[in-house]
Each structure stands twice: as C-alpha cells, then as structure tokens.
Amino acid sequence: MTKMRSNVIRILIVISLAAITHVVAEVCEMLDQCSCRKENGKIISLWDIDGGSKEPAFKGLVVLYPPGVVYKFDWNPCTKFSAGAGCSNVFVCETTSSSPYANSVNKFTIESDGTTTIVYNKIEGSDHEREVKINLKCDKNKYPGEMDGISIRGTTASASLTSKCACEDSCPHPDFSIKNGLSIGSILLIVFFPLLLLYFMAGLLYNKFHKGVNSFPEMIPNHSFWGEFPVLVKDGCVFTFRGIAGFCQRLFLKAKGDSYAEI
C-alpha cells in the first residue's frame, strides 16, 4: 500500500512539473507594439481596433481599485498619442493630471489561463515608477471590444480588454497575412482532380460495358485526343516561345534604330 502511494505521488509530481514547464515555456513573440506570434504560428493583432493618430481607441477608463480614486486613463494599442502638457507620444496616459504611464512595450506574456498580457516598460515618475499591464481576453462576439477599469496596485496599473482581436488569427495585421480558409486556387484544384478521376473512371466503364471495348488504350475515353495531347502541348509551347522571341527581337532592333520590312 505504501509503495503504491509512493508511485502515485511520483506520477503526480511528474505531471505537475510537465504542466509547469509547458506554462513557463509558452511565449508570444513580439512582432510590434500591439501584435505577437504564438508558438503555434498564430497571430494576435490589435491593429484593427487601434484609434490611429487622431485619438485613443479607449478613452475615459476609470479606476476600479483602489476605490475612491477619480483618475481616468486613455489607451491606444498601436499608435502613440499626446494629451495635455504631460503626455507626449504615449500609449497610456492618466488624463486627469496628464501623467504618462506607458510609452514602449517590454514583452508579451502568456498567462496560466491562456490569455495574453502586454507588459509595458516602466516609466520613472517624479516620486515613483509606473508600469502598465493590459490583459487580452478572447471573445469573438465582441468587436472592437470592451475594457474594464484600471486597477492600481503599488506601482502597477492593470486592465483587461475583452475583444475578438484578442483571439488568435481573428484580426488582420498590416504586415502579416492571416489565412482564413482555402484560397480560390486551392478550391479549384480540389474540385478539378476528383472530377478528372471521375471522368476517366466513368469513361472506362462506359467503353467497356456499353461499347464492349476490352483493350487499351481504346478503353480510355477520347483516347486519340489524350494520345496527341503531349504533342499539342509541345506545339503550343513552341508557338508561344517563338512569338515571345520574335517580339523581343523586334524590340531590340527598334532600340538599335534598325528596321526591317514587315513580311
């Protein structure tokens, strides 16, 4: 009984260590100030909900903790903005007193619950450091998304964004294409080859059982055409290349100032 209990404890320890290692090892590679690529290759990008250079996307965020604080914050995920005399080229600004809270991104982290957090670099204030963390929660039914209030604990201000753009490969990135589904070319190829196989199989069966043909290549549907097909392809390529070569030659002679009579 003691030995069995010891083995069970060992198994639980191994499983716990494996889970901890997985959580610690998972990262989200920073692509820019509001986008990162996860280990599975999928991208989380907030560019689609950014307010641009005109104004912050999320304005007037109230302080939830500590209670009674009347400060308000503005946040723009991707583009820096300026507000008042104190906030110049920042991502996060406390607008009540015009105090900058974040102007550069440190990293993206993956939390134990699978959500992603933007960690901004600390800013040295007049009397203390300031650090901002924005947690991104995936909800494909919310666009552009909802922000909860700001919580200030010590020198760290944190908030959460619940949005479709917090989901993997859900919002476009200006420099990295996100592939959703198959392209038109892929669909055409998927449809073409089964139809081609069906054509040959139906033709073979028709020729064999309806026409009584039992020899190859006569059993192949339109076998005379397929027999000549490689020659037709070669003739088409030769004709095309000759046309291109003749056109290039005429351009070359024209560039040299020579001319020949058209035949």
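Is Cys248 buried, exposed or partly exposed, and what relative accessibility does Cys248 have? Cys248 counts as partly exposed because its relative accessibility is 43%, where buried means under 20% relative accessible area, exposed over 50% and partly exposed in between, for a 1.4 Å probe and protein chains only.

**Basis of the views.** This is a predicted model, in which local features need pLDDT of at least 70 and side-chain atom pairs count only at pLDDT 80 or more, whereas totals for chains, interfaces and linings use all residues. Residues are numbered from 1 along each chain as its sequence is written, and side-chain values use heavy atoms, with hydrogens and water left out.

View 1. The pLDDT, which is the predictor's confidence in each residue on a scale from 0 to 100, averages 84 over the chain, and 84% of the residues score at least 70.

**View 2. The disulfide between Cys34 and Cys78.** A disulfide is a covalent bond between the sulfur atoms of two cysteines, assigned here to a pair of cysteine sulfur atoms within 2.5 Å. The sulfur atoms of Cys34 and Cys78 are 2.0 Å apart, and the disulfide is right-handed because the torsion about its S-S bond is about 105°. The pair links distant parts of the chain, 44 residues apart, with Cys34 in the loop between β1 (28–32) and β2 (35–38) and Cys78 in the loop between β5 (72–75) and β6 (81–83); strands (E, at least two residues) and helices (H or I, at least four) are DSSP runs, numbered from the N terminus. Cys34 is buried, with a relative accessible area of 1%, and Cys78 is likewise buried, at 2%.

**View 3. The open sheet of β1, β2 and β3.** The 3 strands of this open sheet follow the order β1-β2-β3 with antiparallel pairing, and two strands are taken to pair if DSSP finds at least two bridges between them. The edge strands, each pairing on one side only, are β1 and β3 (43–45). Between β1 and β2 the antiparallel pairing runs over 4 bridges, and Cys36 in β2 is the bridge partner of Met30.

**View 4. The disulfides of Cys138 with Cys167 and of Cys165 with Cys171.** Cys138 and Cys167 are joined with an S to S distance of 1.8 Å, and their link is right-handed, with 100° about the S-S bond. Cys138 lies in strand β13 (residues 129–138) and Cys167 in the loop between β16 (156–163) and α2 (184–209), so the pair ties together parts that are 29 residues apart in sequence. Cys138 is partly exposed at 47% relative accessible area, whereas Cys167 is buried at 2%. In the second pair, the sulfur atoms of Cys165 and Cys171 are 2.0 Å apart, and the torsion about the S-S bond is about -80°, so this disulfide is left-handed. Both Cys165 and Cys171 are buried.

View 5. Leaving aside neighbours within four places in sequence, Ser151 is in contact with Leu64, Tyr65, Thr156, Ala157 and Ser158.

Definitions and conventions:
Contact = heavy atoms within 4.5 Å.
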